[in-house]
Amino acid sequence: MNHTQIDHREAPEKLRNGGLLIAALSGMLHIIGDARDEDVMKRLRKIKSRSSDKGFTILMDSDARINKYVKDVPAIAWDIIDTAVEPVILVLPEGRMVAREALGAGGSIALRMVTTPEERSIVQAVNGPVACTALLTKNGAVAATIEDADPAALEEVDYVLTLPTAKKGFATSKIPIIGLELDGGVSIIRE
């Protein structure tokens, strides 16, 4: 497998043109794509063999973007965003302005604020929502290195964003997911 390696300055154009990229985000390997592109989201869903009730995480770089892609943001979401010291994914009701294939059950949307300058530059340069999902091994675990990744998934990816050197691979722990409802309901989906 020889994918074209690109740097973060090239990523926005590749994403806007329908490319799927492997990138290191928050210490983990992910596949990313433009969340507005229905065909890209269908490709990503196929790669992950993901059912239609489970969406993809959408990367956000500002409160303004959250307001743009969610009809009504539960008040507690802002407290969580403002106080989180580690990445957290919030699943909110009534996502909008993304491809249907990017959304989860009932139109829910999973959002994560970006945490690094590289992530921020990609989201800002794309000027829109970027979907991401963990790159997995053939056995379903999070891939610690690109060499560990499921070969079938790698075949479907177009580019590899230049990855930082890591002596022991990348983190393999998953980011916590919290479901929030407009009526104040909170559920821990993944710790």
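A residue is called buried here when its relative accessible area is under 20%, exposed when that area is over 50%, and partly exposed in between, using a 1.4 Å probe and protein chains only. By this rule alanine 144 is buried, because its relative accessible area is 19%. The structure is a predicted model, in which local features need pLDDT of at least 70 and side-chain atom pairs count only at pLDDT 80 or more, while totals for chains, interfaces and linings use all residues. Residues are numbered from 1 along each chain as its sequence is written, and side-chain values use heavy atoms, with hydrogens and water left out.

Alanine 144 sits in the loop between β7 and α6 (151–156); helices (H or I, at least four residues) and strands (E, at least two) are DSSP runs, numbered from the N terminus. Along the sequence, alanine 144 is 117 residues from glycine 27, yet the C-alpha atoms of this pair are 9.7 Å apart in space.

Strand β3 covers residues 28–34, and since seven of its seven residues are buried, the strand is largely enclosed by the rest of the structure. In a regular strand the side chains alternate between the two faces of the sheet. In β3, Met28, His30, Ile32 and Asp34 point one way, Leu29, Ile31 and Gly33 point the other way, and all are buried.

Two partners of β3 can be followed in turn, where strands pair if DSSP finds at least two bridges between them. With strand β2 (residues 21–25), β3 runs antiparallel, joined by five bridges. Here alanine 23 stands opposite histidine 30 of β3. The hairpin of β2 and β3 has two residues between the strands, and serine 26 in this hairpin takes a positive phi near 50°. β3 also pairs with β7 in the antiparallel sense, again over five bridges. In that pairing, isoleucine 32 has cysteine 132 of β7 as its bridge partner.

Strand β7 spans residues 130–134 and includes threonine 133. This threonine 133 is buried because its relative accessible area is 5%. Its side chain makes a polar contact with the side chain of arginine 50 at 3.3 Å (a polar contact is a pair of N or O atoms within 3.5 Å; within protein, one must be able to donate a hydrogen and the other to accept it, and residues adjacent in sequence count only if both atoms are side-chain atoms). Leaving aside neighbours within four places in sequence, the residues in contact with threonine 133 (heavy atoms within 4.5 Å) include Leu29, His30 and Ile31, as well as Arg50 and Phe56.

β7 also meets strand β4, through three bridges in an antiparallel arrangement. Threonine 57 belongs to β4, which covers residues 57–60, and counts as buried because its relative accessibility is 12%. Beyond its neighbours within four places in sequence, threonine 57 is in contact with residues including Ile89, Ala110, Val130 and Cys132. Both faces of β4 are covered, with Thr57 and Leu59 on one side, Ile58 and Met60 on the other, and all of them buried. Strand β6 (residues 109–113) runs parallel to β4, and four bridges join the two. Leucine 59 finds its bridge partner there in arginine 112.

Turning to strand β10 (residues 186–190), valine 186 lies within it. Valine 186 is partly exposed because its relative accessible area is 46%.
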